[in-house]
Amino acid sequence: MAKRERWGTRIGLILAMAGNAVGLGNFLRFPVQAAQNGGGAFMIPYFAALFLLGIPLMWVEWAVGRYGGKFGHGSAPGMFDAMWKAPISKYLGALGLFISTVIMVYYTYIESWTLAFSFFSITKAYFGETTFDAMRSFLQSYQGVEKNYFQSILPAYFFMCVTLFLNFFILYRGISRGIEMLAKIAMPTLFLFAIILVIRVVTLGTPDPVNHPDWNVESGFAFIWNPDFSKLGDAKIWLAAAGQIFFTLSVGMGTLQAYASYLRENDDIALSGLSTASTNEFVEVILGASIAIPVAAAFFGIETTQEIAKGGAFNLGFVSMPIIFQKLPFGEFFGFLWFLLLFFAGITSSVAMAQPLIAFLKEEFGISHGRATALIGFSVFIAIQFVVFFLKHGFLDEMDYWAGTFGLVLFALFEIIIFAWIFGMDKGWAEITKGADIKVPKIFYYIIKYITPLYLLFIMVNWLIQDAVPTFLMQGVKPEDIPYRWGARGLMLLIFIAIILMVKVAWDKRNKQNRGK
């Protein structure tokens, strides 16, 4: 077996893992979720989910990855097969390959919007569009939904191609020279940009004290952090908090395991995993919550900010923020920082999504790193065409729900059952604590074995009833969009079948080799 790549430095590993976790959701989705779900009260179920779901799954995925890497596996099918010698195990692992691949297809396109808007900010391309309707029209025109400001999809297509090239150029350079190098540059830069923006927001005070003395940054922070405890009895708030933990830590998609597979057998995962989660939480809870919502409250007031929050993360990031930048001195510079910050957050996550499939092709089929990277890059390029041209018909939304929402929890549930109950919690605990630089509290043994699986099952059942069935039946979908949403399902089915077939061929090949020995 060829010698596997390794991380060059521990700080590079932690930054890469944190970069995988820190994404667009930290700065866009989290403040919206907090604002929509009880403000400060949201943080109670949020931290409960972090303690009972996020950190346990983080340790489990690091342990699964390091254990699989010991046998030369950098993707979930091989890792699950190493822990559970049953024919079905590798196919359950294939779900991880499917989820990360599908998410990369549409996530990379969203990521390209941030690169485009950083360019639009520094060149003042959207300056002069000072109303919500105008800015929303600018965004939709760029996306090809309308034809007002952009007469074709070519600008969006250009930035999509640039973003895709950057992703696969980094992946082509490998673990230490590519992904680790990106993390060492992008993560400190992201922190710097975020801190500059937070300082600018905090020092805004009350921008219009004469006409709107109650429109200020303080009211924005109060809007997020003042608890509405009456909402804690609503199960949807607990589900929303658990969902946010999944999104923010990137658990349940096979990427953390892939990165952890490049560890050495006795490398620490307890402190490193906790450091990754802590870094992500600092970025999300401290920095992410201190930019978009407080600045919106200062310029638009609480009522309008509530409407912005109801409109979702894209309205917050790509509609309200550009309007605000036009009201600030040197607004084009701060807009450039904001969108470039989002781009760095996005690309450190998206490169992680392709790594499991690249590792699978290299390890199971003996394909060279360059060829494997090129093959996945070409495949993603073909698939992303449908997202670009059918965006207005809900193609992206359909993929995001089944792969990026429902699929994450389903895969995590399979993983925790295999790890804690089939592989065995005693062996699993020994794997988590092997080489640990900290003492992991024994309570997590029982949390991982009992509480985390039950928590995941609770989320699955509720999502199945509340969202999955209505989404599958396309309730509320416009009739003209239904064929395109079925097209999205068809594309995902093709990707899933292709991955299942590759897994079968790989294991048939391996079994044949074993019989020949």
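**Exercise 1. Describe how helix 2 packs against helix 12.**

Solution. Step 1: helix 2 (residues 24–36) and helix 12 (residues 270–287) have axes 9 Å apart and pack at an angle of about 40°. Axes here are lines fitted to C-alpha atoms, for helices over the stretch in contact, with angles from 0 to 180 degrees between N-to-C directions. Helices (H or I, at least four residues) and strands (E, at least two) are DSSP runs, numbered from the N terminus.

Step 1: that angle makes helix 2 oblique to helix 12. The classes are roughly parallel under 35 degrees, roughly antiparallel over 145, roughly perpendicular from 65 to 115, and oblique for the rest.

Step 2: helix 2 passes helix 12 in a right-handed crossing. A crossing is right-handed if the near helix is turned clockwise from the far one by less than a right angle, and left-handed if anticlockwise.

Step 3: on helix 2 the contact is made by Gly25, Asn26, Phe27 and Phe30, and on helix 12 by Asn280, Val283, Glu284, Val285 and Leu287. Contact means heavy atoms within 4.5 Å.

Step 4: the residues of this contact of helix 2 with helix 12 divide into five nonpolar, three polar and one charged. Ala, Val, Leu, Ile, Met, Phe, Trp, Tyr, Cys and Pro count as nonpolar, Asp, Glu, Lys and Arg as charged, and the others, Gly among them, as polar.

*Basis of the values.* This is a predicted model, in which local features need pLDDT of at least 70 and side-chain atom pairs count only at pLDDT 80 or more, while totals for chains, interfaces and linings use all residues. Residues are numbered from 1 along each chain as its sequence is written, and side-chain values use heavy atoms, with hydrogens and water left out.

**Exercise 2. State how many helices and strands the protein has, and characterise its overall dimensions.**

Solution. Step 1: the protein has 20 helices and zero strands.

Step 1: its radius of gyration is 22 Å, close to the 24 Å that the globule rule gives for 517 residues, so the protein is as compact as a globular protein of that length. The radius is taken over C-alpha atoms, and the rule is 2.2 Å times the number of residues to the power 0.38.

Step 2: along the principal axes, the C-alpha atoms of the protein fill a box of roughly 80 × 50 × 45 Å.

Step 3: 59% of the 517 residues count as buried. Buried means under 20% relative accessible area, exposed over 50%, and partly exposed in between (1.4 Å probe, protein chains only).

Step 4: of the contacts between residues at least 6 apart in sequence, 84% join residues at least 24 apart.

**Exercise 3. Work out how helix 5 meets helix 6.**

Solution. Step 1: helix 5 (residues 89–122) and helix 6 (residues 132–143) pack at about 120°, their axes 12 Å apart.

Step 1: this angle makes helix 5 oblique to helix 6, and the crossing of the two is right-handed.

Step 2: helix 5 contributes Tyr109, Ser112, Trp113, Ala116, Phe117 and Phe120 to the contact, and helix 6 contributes Met135, Phe138, Leu139, Tyr142 and Gln143.

Step 3: the residues of the contact of helix 5 with helix 6 divide into nine nonpolar, two polar and no charged.

**Exercise 4. For Ser250 and Phe330, decide: buried or exposed?**

Solution. Step 1: Ser250 lies in the loop between helix 10 (235–249) and helix 11 (255–260). Phe330 is found in the loop between helix 14 (313–325) and helix 15 (331–365).

Step 1: phi of Ser250 is near 60°, a positive value in a residue other than glycine. Phi of Phe330 is likewise near 60° and positive.

Step 2: Ser250 is buried, at 5% relative accessible area, whereas Phe330 counts as exposed at 62%.
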